[in-house]
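The entries follow in the order in which I checked them.

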Amino acid sequence: MSRFKRLCLVLIATVLMGGCSTFRNVVYTQDERRTEQPAFFMDRRGDLYPSGDVYVSKWGVLGHRFKEANLEAHFRRQARRQSPDWQQLLRSTGVQATGNFESDWNSVQNVLVRRAAETFKHEGAGDVLLVVHGFNNGFSKANEWLDPFQDHIRHAHPGTHVVRMYWDGLSNRTGIGIWGEAQYNGPHVGQSLRRILNQLDSGTRLRIFTHSSGAYVVVNALGNGGASFQDFSDRRWSEQIRTRAGQTEGEYAIPTRIADLRVAMLVPAQPTTAFDRFTQNKQQGEGLAGVIPTLLILGTSAQDSATTKHFVGCDKFGVTCMATQPKSACSEVRTALERPGQRAPVVIVDFPRPSGGDRHKHGVTAYMKDTQEWGRLIGKLLGPAGGEGTSAHAGSVPICS
């Protein structure tokens, strides 16, 4: 590649990743929150939306400064005016107003956390599968793959109870210019997800599937994800985020009660070192700051169009190399999660170069077309212990064995 072409690609990537385009927060409408699917919805700070009987004004949330584009700021304004929407929120959650907004808002969120945890309950003995989308996905766009994904799960693994998590990864038509801010939202949302996971029954057979940047939401839910963000040392991160990162007590504590946990991350848009803060002082077997899944499956592709930054490289403008470098991902993640006498349960499913093209489309439905690899990934996530469900081989090559 010529120097001129490379320079052009770098300039394009700067626009793609650097925030040089307009974007907006994702606001979930009343009709969207009336979905019949088991689901819950979070804003950019990790606060939960109320059920569909409460109206949330899209422009009421978006029509203020970006840092205030969240539910708490919106309803604070509604509470000052004692608007019908605020009164309906209180009625819907059964919260008696005290006149102190912070106290009332916390009470509302506590009710919504319990309700979100209820979506994980189901009849039967099947797995519970939490599905987390990536950035630049509003409700409709996320459902373009969530619906066929769930249909596939129903067919391939009947009895699996699927719960959808919708979060604010920002949006615009192209995805250009929103990556950095979408990354900023991930730890807020992930740490708040702990509140729900900590409500689940300890016997829950929990499975989690993430796509793209949904990975760093879940990493921050399961443990200290600060390794991807320079330990949250940048001044833009609040002290609250830094404190919660490795928290072991309270409502934001790392969720350690679930003993049967498998996680599959399809083209995870994060560095290979994302799990580096999960274990500390490993020689002494102390300092655990994250949940080590029973099985962690990484679906990788060296040709993925998004995480390779369209030829610029996975290590530029927000590192995403866990998606594109299977051998490094295996080595780094396994080293990060190993404990004395225990080998980290990490496997790789490496997806092939697409026929007739250099780049693999980034969407979930494109990966579902690689039927052999896709079946292997889902089999590892939802299959029985042992056999194909936990094989450490991707194709015929033991990438992470």
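Entry 1, helices H3 and H4. I began with the axes of H3 and helix H4 (residues 84-93), which come within 7 Å and cross at roughly 105°. Axes here are lines fitted to C-alpha atoms, for helices over the stretch in contact, and angles run from 0 to 180 degrees between N-to-C directions. H3 and H4 are therefore roughly perpendicular to each other (angles under 35 degrees count as roughly parallel, over 145 as roughly antiparallel, 65 to 115 as roughly perpendicular and the rest as oblique). Phe75, Gln78 and Ala79 of H3 meet Asp85, Trp86 and Leu89 of H4; contact means heavy atoms within 4.5 Å. By class I noted four nonpolar residues, one polar and one charged in the contact of H3 with H4. Ala, Val, Leu, Ile, Met, Phe, Trp, Tyr, Cys and Pro count as nonpolar, Asp, Glu, Lys and Arg as charged, and the others, Gly among them, as polar.

I am working on a predicted model, in which local features need pLDDT of at least 70, side-chain atom pairs count only at pLDDT 80 or more, and totals for chains, interfaces and linings use all residues. Residues are numbered from 1 along each chain as its sequence is written, and side-chain values use heavy atoms, with hydrogens and water left out. Helices (H or I, at least four residues) and strands (E, at least two) are DSSP runs, numbered from the N terminus.

Next I took H3 (residues 71-81) with H5 (residues 101-118): the two pack at about 125°, their axes 11 Å apart. That makes H3 oblique to H5. I listed Leu71, Glu72, Phe75, Arg76 and Ala79 on the H3 side, and Phe101, Glu102 and Trp105 on the H5 side. This contact of H3 with H5 has five nonpolar, no polar and three charged residues.

I found seven strands in an open, parallel sheet, ordered E1-E3-E2-E4-E5-E6-E7. Two strands pair if DSSP finds at least two bridges between them. The edge strands, E1 (39-41) and E7 (346-350), each pair on one side only. I counted five bridges between E2 (residues 128-132) and E3 (residues 161-166), with Leu129 opposite Val162. Helix H8 (residues 214-222) lies across E2, E3, E4 (205-211) and E5 (260-266), at about 145° to E4.

The chain averages a pLDDT of 87, and 87% of the residues score at least 70; pLDDT is the predictor's confidence in each residue, from 0 to 100. I marked residues 387-398, where pLDDT stays under 50.
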